[in-house]
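Subject: Structure handover

Hello,

Here is the structure we talked about. Please open it beside this email and follow along.

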Amino acid sequence: MPEAILNFQNVSKKFGHFQALDSVSFQINRGDIYGLIGENGAGKTTIMKLITKLSPLRKGSISLFGETSSHYQQALKRTGAMIESPAAFKNLTVVENLKIIAKQNGLQSKKAIDDAIDFVGLTAKKKTKARHLSLGQRQRLGLAMAVLPHPDFLILDEPINGLDPAGIIEIRHLLYKLNHEQQTTILISSHILSELYQVATKFGFIHHGKFIKEVTKEELDKEKTAGITLEVNDVSKAAEVLDSSNIKPFSVPNDHSIFIQKADLDTGHLSQLLVMNGVVLNGLSKQEGSLEQYYTQLMKKTDEGDQRD
Amino acid sequence: MTNVINQLRADAYRLTRSTGFYIMLVLVVSYNALITKTKWFGGIVGNVSEKASDHLTHTSWSMIDGVQGSTISAGLLMYVLMGLFVIIIGYEFSQQTYKNTLISGISRLQFILSKYVAMLISILMTIAVYFITTIVTSLIFGRRVGTSWIHLLSVGSSATIAITFFISIVFSMAILLLMFTNSVIISSFFIVIFPVAVMILHTRANWKWLKYIDFFSASNRISLGNMSIVEFSPYVLTCGIILIVCIGLSLLIIREKEL
Ligand SMILES: Nc1ncnc2c1ncn2[C@@H]1O[C@H](COP(=O)(O)OP(=O)(O)OP(=O)(O)O)[C@@H](O)[C@H]1O
Ligand SMILES: [Mg+2]
């Protein structure tokens with residue numbers, strides 16, 4: 001049995017009449033790098049604020065390191081977080097801001113501060129006041145503050161915001177290192193699946209406050225494989241043929257092509273089948289699935305499902 | 001308890017790193033040196049007996065007169081001390097660093113208490129500096145003590161403690177206001193407006209109970225030796241109640257707040 005670090009159960013959250021979270025349940029196990037994916041306003045930040053008690057929990061239950069949220073004693077001490085924009089004292093330097101975090105957490109070691117600065121690549125800006133940091137540098141300072149106390153569980157809300165491509169790769173690398181060398185369990189959010197694809201081991205999709213799906217990286221790789229595009233003269237006839245041979249699912253992007261969402265079909269057999277049924281096949285190509293496609297389709301399916309309800 | 005101490009250490013560190021704090025100390029020292037040197041007293045005064053007022057206006061000041069004059073003039077310090085409130089708790093909210101602070105594992109009660117204690121200690125230090133300046137300035141101008149050293153020090157320290165305690169009560173109300181309004185500006189403004197408002201109401205409206213929150217009149221009487229321990233106790237009681245209510249309500253609000 002994997003050890004649960006976070007257990008989120010039937011949590012709902014309302015702001016006035018607005019249902020920001022609707023009975024959300026999920027679990028994060030030790031060692032996971034859990035990617036929380038959702039569009040703007042989906043409820044990612046709300047989830048993170050509930051975990052860290054920045055937002056009071058009214059419905060459902062949350063347990064962190066086995067402690068329930070009404071009685072967190074040690075759980076928050078083992079948790080580091082950067083939620084929404086990173087916060088720092090603007091008139092203090094990078095080092096001074098980290099010293100404050102060290103004092104708050106009762107850490108003595110000076111070296112830990114230098115290490116954290118080094119870790120996020122801010123050494124050259126050590127003595128710079130927070131107000132004079134660039135957006136990406138502030139993001140890095142926030143990350144340094146979150147990792148300084150060596151948390152067992154790290155919560156990062158869109159940490160990649162404002163980073164340059166090199167920075168994104170670096171952060172990815174840092175998270176990988178934290179996860180592998182210090183066994184830090186990580187919850188990370190983004191509205192872009194491909195941003196997290198490279199780093200996360202599990203993905204939770206959240207849409208309009210509902211938790212719609214959870215997949216592991218392997219499952220995602222399997223599911224996202226897109227399929228085969230057929231160029232035909234008569235799409236309705238081709239569709240009939242596919243239907244009767246039970247080749248599904250497929251979609252019709254335009255009046256001369258069909259997209260079969262299955263990658264492991266025998267293409268020779270498929271073309272033969274179509275031709276024998278009188279469909280003129282002008283082309284056939286295999287397609288690597290893109291993450292964005294997977295994501296948009298998932299959202300679409302959910303919205304359609306919602307409408308049926 | 002360790003959480004509170006850790007937070008106090010963090011706040012102390014932050015104070016020593018802020019220019020505002022040093023400017024504040026310079027202002028306090030200059031203000032008091034000016035009072036002691038020129039024998040001026042006043043500002044937001046509260047009630048002072050005519051006899052005492054006459055005495056201070058017409059004699060050349062000894063050290064004890066300096067201490068009494070400084071006590072009477074302490075009301076204006078609120079404008080400077082407001083800076084402590086802004087730095088210690090205001091910045092946490094205006095710069096959103098409360099997120100880091102609260103995630104460090106400190107409870108809401110520990111957070112509010114540590115902020116109150118941080119203010120209490122820093123007010124105490126500042127007021128002590130204020131009265132020490134009186135004594136040092138008097139020494140520089142070669143003034144006589146005017147009473148025994150023991151008496152001087154005891155008047156000086158009881159005035160320091162009383163003023164500190166009273167001001168901290170005003171700060172506790174400002175904390176509550178900050179929790180309630182989310183506005184650092186409104187709550188700091190309250191700090192400077194409070195003594196003036198109470199003084200005006202006290203003299204105009206003639207509400208007897210107001211005297212228990214007319215802190216500056218009370219500290220004047222302490223400094224001038226016009227208040228006995230027995231008379232002092234209802235003040236302590238009133239302040240204790242205000243403090244508990246303010247901290248309790250602040251706690252309730254911050255617990256229920258979307259941060
Ligand atoms: N304090 C609040 N009061 C009222 N509504 C709120 C509050 N906090 C969040 N909301 C609403 O709840 C919804 C979810 O917000 P949340 O910040 O969790 O979204 P998000 O997934 O983090 O989005 P983004 O990608 O833009 O950061 C939004 O519609 C937002 O307007
Ligand atoms: Mg967000």
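Helix 1 of chain B crosses helix 5 of chain B in a right-handed way. The model is a predicted one. The contact uses Gln7(B), Asp11(B), Arg14(B) and Leu15(B) from helix 1 of chain B. From helix 5 of chain B come Leu84(B), Ile87(B), Ile88(B), Tyr91(B) and Glu92(B). Sort these contact residues by type and you get five nonpolar, one polar and three charged.

Now the geometry. The axes of helix 1 (residues 2-16) and helix 5 of chain B come within 11 Å. They cross at roughly 120 degrees. Therefore helix 1 of chain B counts as oblique to helix 5 of chain B, because angles of 65 to 115 degrees count as roughly perpendicular and only those over 145 as roughly antiparallel.

Next, go to helix 11 of chain B, residues 229-256. This helix has 28 residues. From first C-alpha to last it reaches 41 Å, close to the 40 Å expected at 1.5 Å a residue. Which of its residues are buried? They are Tyr235(B), Thr238(B), Cys239(B), Ile242(B), Leu243(B), Cys246(B), Ile247(B), Ser250(B), Leu251(B) and Ile254(B). Look at the numbering as you read that list. An α-helix has 3.6 residues a turn, so residues three or four places apart point the same way. What covers the buried residues of helix 11 of chain B? The cover includes helix 5 (77-94), helix 7 (108-140), helix 8 (149-181) and helix 10 (215-223) of chain B.

Chain A comes next. Its secondary structure comes to 10 helices and 14 strands. The C-alpha trace of chain A spans about 80 × 45 × 40 Å along its principal axes. Of its 309 residues, 50% count as buried. Take the contacts in chain A between residues at least 6 apart in sequence: 68% of them join residues at least 24 apart.

One helix there deserves a look. Helix 2 of chain A covers residues 94-104. Of its 11 residues, 10 are buried, so this helix is largely enclosed by the rest of the structure. Among the buried ones are Val94(A), Glu96(A), Leu98(A), Ile101(A) and Lys103(A). Its buried residues pack against helix 3 (110-119) and helix 4 (135-147) of chain A. They also pack against helix 1 and helix 6 (98-103) of chain B. Gly106(A) follows helix 2 of chain A, and its phi is positive, near 65 degrees.

Last, some backbone details. Most residues other than glycine have a negative phi, and most peptide bonds are trans. Here are some spots to check against that.

- Lys53(A) is not a glycine, yet its phi is positive, about 65 degrees. Lys53(A) sits in the loop between helix 1 (44-51) and strand 4 (59-64) of chain A. Its relative accessibility is 29%, so Lys53(A) counts as partly exposed.
- Asn182(B) is not a glycine either, and has a positive phi of about 65 degrees. Find Asn182(B) in the loop between helix 8 and helix 9 (184-205) of chain B. Asn182(B) is exposed, at a relative accessible area of 53%.
- The peptide bond from Lys248(A) to Pro249(A) is cis, with omega near -10 degrees. Pro249(A) lies in the loop between helix 8 (235-244) and strand 12 (250-254) of chain A.

Best wishes

Definitions and conventions: Residues are numbered from 1 along each chain as its sequence is written. Chains are lettered from A and ligands numbered from 1 in the order in which they are written. This is a predicted model: local features need pLDDT of at least 70, side-chain atom pairs count only at pLDDT 80 or more; totals for chains, interfaces and linings use all residues. Side-chain values use heavy atoms; hydrogens and water are left out. Helices (H or I, at least four residues) and strands (E, at least two) are DSSP runs, numbered from the N terminus. The expected span of a helix is 1.5 Å times one less than its number of residues. Buried means under 20% relative accessible area, exposed over 50%, partly exposed in between (1.4 Å probe, protein chains only). Contact means heavy atoms within 4.5 Å. Axes are lines fitted to C-alpha atoms, for helices over the stretch in contact, and angles run from 0 to 180 degrees between N-to-C directions. Angles under 35 degrees count as roughly parallel, over 145 as roughly antiparallel, 65 to 115 as roughly perpendicular and the rest as oblique. A crossing is left-handed if the near helix is turned anticlockwise from the far one by less than a right angle, and right-handed if clockwise. Ala, Val, Leu, Ile, Met, Phe, Trp, Tyr, Cys and Pro count as nonpolar, Asp, Glu, Lys and Arg as charged, and the others, Gly among them, as polar.
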